Amino acid sequence: PLRIEYAGAIYHVTVRGNAQQDIFRDDGDRRLLYARLEECVPRYGVRLFLFCLMRNHLHLLVETPRGNLGRFMQSLLTAYTVCYNLRHRCHGHLTQGRYGARLVAGNPYLFKLSRYVHLNPVKMKTMASKPLPERIAYLREYEWSSYRSYVGLAGRLGWVEYEPMLRLMDGRQKDRQSQYQAFVESGVAVVDDEFLDALRLS
């Protein structure tokens, strides 16, 4: 099906490895994707609100003021695949067919989606049986998402826009980081079934 593209559209983008293979073998690969994002986000005028890199997939939440999601993603994934193949001396497709791109509308859904994306590292099966404090500690230590920089545990990245999401928090500006952290971490122990149902249907 044709992609729905228009100026100002917001998308939840997912990219998965071909045949469920890893798209990141190590931190060097993740740094390669960071470099490609740093290059492609300003080139295509995209607003990247948040991201999470997992072993065999990744999530991006992006807005496209120029209505050019396809060109942005093609450039990003082609550049990353070329670098990946050169680095590992391999060839062929790395990602599974077309990337997923779901339109996002409405601040309540957008806000819960941001929590869902940032919680990916602690929703893995290997983490399910861990004690709650250990899962929260792992989330805070996980380097390859925008979460740490959202809540002040790491420096902000120049190619991520934080304020649109943080402005959805109630209260004073200086309290938004801590409020957002509390909101996200409240979801570590609880499954939001209503949101997951909406995510599957969207």
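Leaving aside residues up to four places away in sequence, E185 touches I136, L139, R140 and Y147, where contact means heavy atoms within 4.5 Å. E185 belongs to helix α7; helices (H or I, at least four residues) and strands (E, at least two) are DSSP runs, numbered from the N terminus. With a relative accessibility of 11%, E185 counts as buried. The cut-offs are under 20% relative accessible area for buried and over 50% for exposed, with partly exposed in between (1.4 Å probe, protein chains only). The side chains of E185 and Y147 are joined by a polar contact of 2.8 Å. A polar contact is a pair of N or O atoms within 3.5 Å; within protein, one must be able to donate a hydrogen and the other to accept it, and residues adjacent in sequence count only if both atoms are side-chain atoms.

The model is predicted: local features need pLDDT of at least 70, side-chain atom pairs count only at pLDDT 80 or more, and totals for chains, interfaces and linings use all residues. Residues are numbered from 1 along each chain as its sequence is written, and side-chain values use heavy atoms, with hydrogens and water left out.

In α4 (residues 132-141), the buried residues are R135, I136 and L139. They cover an arc of only 95° around the axis, which puts them on the same side of α4; the arc is that of the directions from the helix axis to the C-beta atoms. P133 and E141 are exposed on the other side of α4. What do the buried residues of α4 pack against? Their partners are α3, α5 and α7 (176-185).

Helix α3 (residues 107-118) lies across β1, β2 and β3 and runs at about 35° to β2. Axes here are lines fitted to C-alpha atoms, for helices over the stretch in contact, and angles run from 0 to 180 degrees between N-to-C directions.

The sheet itself is open and has four strands in the order β2-β3-β1-β4, with antiparallel pairing. β2 (47-53) and β4 (100-103) are at the edges with a single partner strand each, so one side of each has no neighbour in the sheet. From one strand to the next, the twist averages 15°. Two strands count as paired if DSSP finds at least two bridges between them. Strands of a sheet pair through backbone hydrogen bonds, either parallel or antiparallel.

Eight bridges pair strand β1 (residues 9-16) with strand β3 (residues 57-64) in the antiparallel sense, and T14 stands opposite H59 in β3. Helix α2 (residues 69-88) packs on the sheet, where it touches β1, β3 and β4, and its direction makes about 30° with that of β1.

β2 and β3 run antiparallel and are joined by six bridges. A hairpin of three residues leads from β2 to β3, and L50 has L61 in β3 as its bridge partner. Is β2 largely enclosed or left open by the rest of the structure? Six of the seven residues of β2 are buried, so this strand is largely enclosed.

Now the charged pairs. The whole structure holds twelve salt bridges, a salt bridge being a side-chain nitrogen of Lys or Arg within 4 Å of a carboxyl oxygen of Asp or Glu. One of them joins the side chains of D29 and R87 (2.8 Å, N to O). This pair links distant parts of the chain, with D29 in helix α1 (residues 27-43) and R87 in helix α2, 58 residues apart. D29 counts as buried at 0% relative accessibility, while R87 is partly exposed at 40%. D26, D29 and R87 are linked in a network of salt bridges.

R47 lies in strand β2 and E161 in the loop between α5 (147-150) and α6 (163-166), so the pair ties together parts 114 residues apart in sequence. R47 counts as partly exposed at 25% relative accessibility, and E161 counts as partly exposed at 30%.

A further salt bridge is that of K130 and E134 (4.0 Å, N to O). K130 is partly exposed at 33% relative accessibility, and E134 is partly exposed at 39%.
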